[in-house]
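Keep the viewer open as you read.

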Amino acid sequence: MVKAWYMDNDTTNQCLEHHRNPPEFITVEDLYKKTGVEYFKINVETYKTDGILDKIKEERGYTYEDEIVCSKECLPNFEEKLKSFFTEHLHTDEEIRFVLEGSGYFDVRDGDDQWIRIAVYAGDMIVIPKGIYHRFTLDTNHFIRAKRFFVGEPVWLPYNRPADDMPCRKEYVDKLQKGFVTAA
Ligand SMILES: [Fe+2]
């Protein structure tokens with residue numbers, strides 16, 4: 001099961017857990033209520049045939065998919081890429097990742113601008129809403145392989161914070177204020 005927690009303010013070594021003292025975990029339900037981030041558990045052994053991923057793709061209109069590997073060996077300009085992944089940003093579309101192998105951390109801001117760290121492992125699929133400030137880092141295993149999905153032609157462009165005047169940001173803030181009550 002995916003784990004999420006509020007982060008401490010220590011800015012050294014982004015690959016560590018960065019728990020608060022004492023740790024403050026947050027459930028998947030609360031994660032959705034506080035941020036709109038959605039979570040799906042998928043079996044990495046059977047997903048090609050069990051229909052669960054297919055159903056999610058169909059319902060949400062994910063027509064594009066590819067696979068990425070993030071490790072020193074596989075990613076060109078590794079250090080530079082990691083730096084940009086970890087720079088706080090938003091997108092004009094959802095960021096959807098299904099982890100096949102390895103692990104990593106997605107950090108998202110809650111409504112009070114606090115960082116919540118989401119630890120993802122094989123079988124975890126998360127949907128980061130458009131307009132939310134977030135970032136990604138590898139953990140101390142330094143390896144992740146994941147599928148990416150998209151509605152239509154993919155746009156991976158990050159807009160670094162501040163991007164408060166972008167329509168997708170305003171929409172997100174509006175949803176946040178109204179509250180994420182009905183899970184998709
Ligand atoms: Fe992103």
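## Strand β8 and its partners

K41 has D124 in β8 as its bridge partner. That bridge belongs to the antiparallel pairing of strand β3 (residues 38–41) with β8, which has four bridges. Two strands are said to pair here if DSSP finds at least two bridges between them. Helices (H or I, at least four residues) and strands (E, at least two) are DSSP runs, numbered from the N terminus. Before going further, please note that this is a predicted model, in which local features need pLDDT of at least 70 and side-chain atom pairs count only at pLDDT 80 or more, while totals for chains, interfaces and linings use all residues. Residues are numbered from 1 along each chain as its sequence is written.

β8 also runs antiparallel to β6, and four bridges join the two. In that pairing, E95 stands opposite I128. Strand β8 covers residues 124–128, and five of its five residues are buried. A residue counts as buried if 20 or more other C-beta atoms lie within 10 Å of its own, as exposed if 12 or fewer do, and as partly exposed in between, with C-beta atoms placed from the backbone. Both faces of β8 are covered, with D124, I126 and I128 on one side and M125 and V127 on the other.

## The annotated site

Which residues does UniProt list for "binding site"? The unreviewed entry lists H89, H91, E95 and H134. They are spread over 46 residues of sequence yet cluster in space, the largest C-alpha distance being 11.5 Å. UniProt positions follow the numbering used here, feature names are shortened, and annotations may be inferred rather than shown by experiment.

E95 lies in strand β6 (residues 95–109) and is buried, because 22 other C-beta atoms are within 10 Å. H134 lies in strand β9 (residues 134–138). H134 counts as buried too, because it has 23 C-beta neighbours inside 10 Å. Leaving out residues up to four places away in sequence, H134 touches F106, D107, V108, R109 and I128; a contact means that the C-beta atoms of two residues, placed from the backbone, lie within 7 Å.

V2 sits in the segment before β1 (3–6). Is V2 buried or exposed? V2 counts as buried, because it has 20 C-beta neighbours inside 10 Å. Apart from residues up to four places away in sequence, V2 touches V28, Y39, I118, A119, V120 and D124. From V2 to E95 there are 93 residues in sequence and 17 Å in space, C-alpha to C-alpha.

In helix α1 (residues 28–35), the buried residues are L31, K34 and T35. Seen down the axis of α1, they fall within an arc of 75°, so they line one face of the helix; the arc is that of the directions from the helix axis to the C-beta atoms. These buried residues pack against β1, β2 (25–26), β6 and β7 (115–121). Just after α1, G36 takes a positive phi of about 85°.

## The whole fold

The protein has four helices and eleven strands. Its radius of gyration is 16 Å, close to the 16 Å that the globule rule gives for 184 residues, so the protein is as compact as a globular protein of that length. The radius is taken over C-alpha atoms, and the rule is 2.2 Å times the number of residues to the power 0.38.

Of the 184 residues, 24% count as buried. Among contacts between residues at least 6 apart in sequence, 76% join residues at least 24 apart.
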